[in-house]
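This report goes through one structure, part by part. Please look over the sequence and the model before reading on.

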Amino acid sequence: AAGTVTLRSAICTHMGCKVRYEPDKARVFCPCHDGVFDSKTGLVLSGPPEAPLPLYKVEVRGEDILIS
């Protein structure tokens, strides 16, 4: 929704590689083993990862962003 901030781990749940967001494909991609995650839910779409990307709690307070 507008004004909503979500934050997921940038580490693949398969082998710990750094993932990257691909806005043109609206997905999160792991280049190590071609893992693909849904950019909105973090769920695995294809590849070897079996677990979704973890979600962090985010709170926006004015200009501050708190992550836990």
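This is a predicted model: local features need pLDDT of at least 70, side-chain atom pairs count only at pLDDT 80 or more; totals for chains, interfaces and linings use all residues.

Which residue in E8 does Val58 stand opposite? The residue opposite Val58 is Ile67.

Strand E7 covers residues 58-61 and strand E8 covers residues 64-67. The two strands run antiparallel and are joined by four bridges.

## The disulfide

How many disulfides does a search of the whole structure find? The search finds one. The disulfide joins Cys17 to Cys32, with an S to S distance of 2.1 Å. The torsion about this S-S bond is about -110 degrees, so the disulfide is left-handed.

Cys17 lies in the loop between E1 and E2, while Cys32 lies in the loop between strand E3 (27-30) and strand E4 (35-38), so the pair ties together parts that are 15 residues apart in sequence. Cys17 has a relative accessible area of 16% and is buried, because buried means under 20%. Cys32, at 39% relative accessibility, counts as partly exposed, because that value falls between the 20% limit for buried and the 50% limit for exposed.

## Cysteines in no disulfide

Cys12 is in no disulfide; the cysteine sulfur nearest to its own is that of Cys30, 3.8 Å away. With a relative accessible area of 6%, Cys12 is buried.

Cys30 is likewise in no disulfide, and its nearest cysteine sulfur is that of Cys12, at 3.8 Å. The pair does not count as a disulfide because the two sulfur atoms would have to be within 2.5 Å. Cys30 is buried, at 2% relative accessibility.

Where is Ser9 placed? Ser9 sits in the loop between E1 and E2. Its relative accessible area is 10%, so Ser9 is buried. A polar atom of the Ser9 side chain lies 3.0 Å from the backbone nitrogen of Ile11.

Arg27 belongs to strand E3. Is this residue buried or exposed? Arg27 is buried, with a relative accessible area of 19%, which is under the 20% limit. The side chain of Arg27 is joined to that of Glu22 by a polar contact of 2.5 Å.

## The largest pocket

Rolling a probe the size of a water molecule over the atoms shows where empty space is left. The largest pocket holds about 230 Å³ of space. Its lining is made up of 13 residues. Those nearest the centre of the pocket are Arg8, Tyr21, Val28, Ser39 and Leu53. Strand E1 (7-8) and strand E2 (20-22) are the elements that give two or more residues to this lining.

What is the make-up of the lining of the largest pocket by class? Seven of the lining residues are nonpolar, three are polar and three are charged.

Note on methods
Residues are numbered from 1 along each chain as its sequence is written. Side-chain values use heavy atoms; hydrogens and water are left out. Two strands pair if DSSP finds at least two bridges between them. On a 1 Å grid over the protein atoms alone, a cavity is a set of points where a 1.4 Å probe fits but cannot get out, and a pocket is an open set with protein on both sides within 12 Å along at least five of seven lines; lining residues have an atom within 4 Å of a point. Grid points are joined across faces, edges and corners, and a volume is the space filled by probe spheres set on the points. Ala, Val, Leu, Ile, Met, Phe, Trp, Tyr, Cys and Pro count as nonpolar, Asp, Glu, Lys and Arg as charged, and the others, Gly among them, as polar. Buried means under 20% relative accessible area, exposed over 50%, partly exposed in between (1.4 Å probe, protein chains only). A polar contact is a pair of N or O atoms within 3.5 Å; within protein, one must be able to donate a hydrogen and the other to accept it, and residues adjacent in sequence count only if both atoms are side-chain atoms.
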